[in-house]
Amino acid sequence: MAPTSDAVAPGSRLPEHPDFLWNNPEPARGYDVLVVGGGGHGLATAYHLARTQGVSNVAVLEKGWLAGGNMARNTTIIRSNYLWDESARIYEHALTLWENLENELDYPVLFDQRGVLNLAHSLQDVRDSVRRVNANRLNGIDAEWLEPAEVKDVCPILNVSPDIRYPVLGASYQPRAGIAKHDHVAWGYARAAAGLGVDLIQNCEVTGIRTSGGRVTGVRTTRGDIAAGKVALCAAGHSSVLAGMVGLRLPVASHPLQAMVSELLEPVHPTVVMSNAVHVYVSQAHKGELVLGAGIDSYNGYGQRGSFHVIERQLTAALELFPIFARAHLLRTWAGIVDVSPDASPIIGRTPIAGLYLNCGWGTGGFKVTPGLGDCFAHTVARDEPHPFVEPFGLERFTTGALVDEHGAAAVAH
Amino acid sequence: MQLIPCPWCGPREEVEFHYGGQAHLSYPTDPAALSDADWAEYVFYRDNPAGPFPERWQHSAGCRRWFNAVRDTRTYEFQAGHRAEDDRQVIP
């Protein structure tokens, strides 16, 4: 049978793979700002330094290839349904920027606002979810509480039978949430930053941070020393290793976080489904793979692989919620390294070393904030004062006690 | 699945164990003398090395006892294990 005229083949909207979008310059002797880490956060920060803050003598240093770390390993979910005001503000700022990002970068990032369901499986889940929906609405964030039948309307392949081990008692729903194509987000920022004069330097691992009189003066790298007026750390799971180079201890633990994809399938899954209690989250990528995420592995690790039993539990939960997945073939699994802070909120801002700025501790949720963090961190670095949206997330909160405790509150467990 | 060497029960599968984070942390000997920064250090700050890491594990589905081990966080390989109450190494 011929396809109907309005049928859209999976992947048909994907742009061509870029031949090259940026140059590969040799590192100069010095820069006004060095951004360490060429993932989404580093690239977005460099872009906003040049575009918004007028600081164009900037280099991004990446130890591997651009966006080859966590940026290539996440499940690309974007949402802003966080409980606390401080979190809601920065994530909603990011979501607003996502909504205009293709225009901003003049590049397709395939931001697709297909909505996210966060399932509730117990009475306590229901109460927590309804509370979060109300908190979201007070912050001007779109959120609804859906009963099981309404959940089924949004996602028909979801099993809402009361007979399963952890039945779906309802869900919070954020219609403006969605997914984007992670590679294209990175390429779009890289292309735009390079066009504004930012040097993107790959295969350049930072091996030391140079200071003088309590002030940062540059970095040592596998491609020689590079001087800098300011150094901005955007190295996600490896932030402890970098900060340790200047004797700075961070309250984060690095853990493997696993994800996996299935073979390509016809469009079956219209939204994003997350379940905190049984810990699996599923969406269908633009090309057609089912993308499944899990919770973090319990132990500290830098190995970019995780435990098999985590995959087993995640798939058990996925199959109970989505019986239709039973015959799908798994293509590959992998892990990223996430840095989890004690209150499950990020750590952003100045450090005790002048000119050294910290952006870490995003745990499992760094991708969704990429445009917002880039904007606010660039402001923080360029002006040497925290942007109001990131001010609550300073390192000093662990001493003052002003924590932003999103553990269990933000619709996902760490 | 990774086998973890319990000092009492021998090597058992990873799912039988509960992770307890960094080892050898002791409660402050003079709590009243601690500053806010000292308390922050004790409560929130832990080592997070890429390499050998002394940590605590509990054989929660077996003997239920805690022990200390040194594990490389890059390879996840257990290099040494100790019973918590003595420093006798059980993994060569």
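This is a predicted model: local features need pLDDT of at least 70, side-chain atom pairs count only at pLDDT 80 or more; totals for chains, interfaces and linings use all residues.

Biologist: Thanks! How many of the twelve residues of helix 1 of chain A are buried?
Modeller: Eleven of them, so by that cut-off helix 1 of chain A is mostly covered. The buried residues include A:G40, A:H41, A:Y47 and A:H48.

Biologist: Nice. Switching topic: where is A:R73?
Modeller: A:R73 sits in the loop between strand 2 (58-61) and strand 3 (77-78) of chain A.

Biologist: Which side chain of opposite charge is nearest to A:R73?
Modeller: That is A:E62, 9.4 Å away. A:R73 is buried yet has no salt bridge.

Biologist: OK, what does the side chain of A:R73 reach at 3.0 Å?
Modeller: The backbone oxygen of A:A335. Leaving aside neighbours within four places in sequence, A:R73 is in contact with residues including A:G68, A:A259, A:Q304 and A:W334.

Biologist: Let's follow up on A:G68: is A:G68 buried or exposed?
Modeller: Buried, because its relative accessibility is 12%. A:G68 is in the loop between strand 2 and strand 3 of chain A.

Biologist: Last one: what separates the C-alpha atoms of A:G68 and A:K368?
Modeller: They are separated by 17 Å, with the two residues 300 residues apart along the chain.

Methods. Residues are numbered from 1 along each chain as its sequence is written. Chains are lettered from A and ligands numbered from 1 in the order in which they are written. Side-chain values use heavy atoms; hydrogens and water are left out. Buried means under 20% relative accessible area, exposed over 50%, partly exposed in between (1.4 Å probe, protein chains only). Helices (H or I, at least four residues) and strands (E, at least two) are DSSP runs, numbered from the N terminus. Lys and Arg count as positive and Asp and Glu as negative; His and the chain ends are not counted. A salt bridge is a side-chain nitrogen of Lys or Arg within 4 Å of a carboxyl oxygen of Asp or Glu. A polar contact is a pair of N or O atoms within 3.5 Å; within protein, one must be able to donate a hydrogen and the other to accept it, and residues adjacent in sequence count only if both atoms are side-chain atoms. Contact means heavy atoms within 4.5 Å.
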